[in-house]
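Please keep the sequence and the 3D view open while reading.

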Amino acid sequence: MNAVDRIHMAHAMLLAARGLNGTPPNPRVGCVIAQGETVVGEGWHRQAGEPHAEVYALQAAGDQARGATAYVTLEPCCHQGRTPPCTEALQRAGIRRVVYAAQDPNPQVNGRGEAALRAAGIEVGSGLLAAESERLNAGFFMRMRRGRPLVRCKIAVSLDGRTALADGRSQWITAEPARLDVQRLRAQSSAVLTGIGTVLADDPQLNVRELTDEVNRQPLRVILDSGFRTPPEARLLSVPGEVLIFGAGSMERKAALEGRGARVEVLASTDGRVSLAAVMQRLAGLQINELLVEAGPVLNGALLTAGLVDELIVYQAAHVLGSTARGMFELLPLQAMNERPTFELLEVRRVGTDLRLTYKPAITEKRTG
């Protein structure tokens, strides 16, 4: 592969990113059809159930696809789903060569797409900008490889790391630009998760405020509510979009919530709390790729302790709430410094008057002494 291949694949990656909000549970995929340096067709997967990126690009290329190279950000599919196999579409169009970025982790495709192309006499290259493709589809790769969604915790904090006053009030820690940025996070997420504590304290809606042509779906809103204490008059039950409540407890309360349109499921519990492992398994079964957590310190701490925080996004405001205000994570007391959870800083961005800090858990060996 050469510099021209890299240029076309980078173009395909930009196209794939245009499907950031609409493709779940499918991956975000872009495709460029080129004759040498000349692009003759391009496309991206826009929404689950609609044609894949390769089909849109082939339609744009028309007869110029014959003898051309297709650059695809993910291994072309080879099975019949809601749409026909892309490997067959590429073959029918007369594509001579296919270069794809990352191998599809879906067991129905994994390596089989490439094998089908080679069997059809098509030259295949792979691995070009594979890391970029995986980052764009981190949730899809997580679900396929580990059987759970990618968990992204969003926390708004003061300069001294506090998330709410002692009585639980937290509106508003950050300014409007940061809150608008959170809307974008919700839009690209398959689901938004919170706990009953946040529901009772803040009465949030957890939805995307405004739908557009590019943001045309609401994420699934998930509540962990072991005792079914969610008030039937809660605001999140009064706005459009699906609500799923995991818990146990009174069947009368369960029926009342179902009567308000919520989907209510009973999951396994541990020490009176819904099992986080059961929650993740169930959400994976619902094809949730990216899970955005907007919760308080109890649930944040439980997820961190369970090793279920894949990314931490902290919106930090330039004010102080003091030592009596609530913190970010409720954890068991540490016995030594080497027990502390550590993170790697990935990005710092200014959002209005606030900072957006993105971290991922650091993989470190525990120190002694």
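## The second largest pocket

The second largest pocket holds about 1100 Å³ of space. On a 1 Å grid over the protein atoms alone, a pocket is an open set of points with protein on both sides within 12 Å along at least five of seven lines, whereas a cavity is a set where a 1.4 Å probe fits but cannot get out; lining residues have an atom within 4 Å of a point. Grid points are joined across faces, edges and corners, and a volume is the space filled by probe spheres set on the points. This pocket is lined by 35 residues, of which Arg135, Ala138, Leu150, Arg152 and Glu311 are the closest to its centre.

Among the elements that give two or more residues to this lining are helix 5 (130-136), helix 6 (138-146), helix 7 (176-188) and strand 15 (343-351). Helices (H or I, at least four residues) and strands (E, at least two) are DSSP runs, numbered from the N terminus.

## The model and the whole chain

This is a predicted model, in which local features need pLDDT of at least 70 and side-chain atom pairs count only at pLDDT 80 or more, while totals for chains, interfaces and linings use all residues. Residues are numbered from 1 along each chain as its sequence is written, and side-chain values use heavy atoms, with hydrogens and water left out.

The protein chain contains eleven helices and 16 strands. Its radius of gyration is 23 Å, close to the 21 Å that the globule rule gives for 369 residues, so the chain is as compact as a globular protein of that length. This radius is taken over C-alpha atoms, and the rule is 2.2 Å times the number of residues to the power 0.38.

## The largest cavity

The count comes to one cavity of 30 Å³ or more, and the largest cavity has a volume of about 50 Å³. Its lining includes Pro24, Asn137, Ala138 and Phe140, and helix 6 gives the largest share, three residues. The lining of the largest cavity divides into three nonpolar, five polar and two charged residues.

## Backbone and side-chain details

The peptide bond from Pro24 to Pro25 is cis, with omega near 10 degrees, and Pro25 is found in the loop between helix 1 (3-17) and strand 1 (30-35).

The structure holds 24 salt bridges, each being a side-chain nitrogen of Lys or Arg within 4 Å of a carboxyl oxygen of Asp or Glu. One of them joins Asp181 and Arg184, whose closest N and O atoms are 3.2 Å apart. Because Asp181 and Arg184 are three residues apart in helix 7, they are separated by about one helical turn.

How values were computed: Ala, Val, Leu, Ile, Met, Phe, Trp, Tyr, Cys and Pro count as nonpolar, Asp, Glu, Lys and Arg as charged, and the others, Gly among them, as polar.
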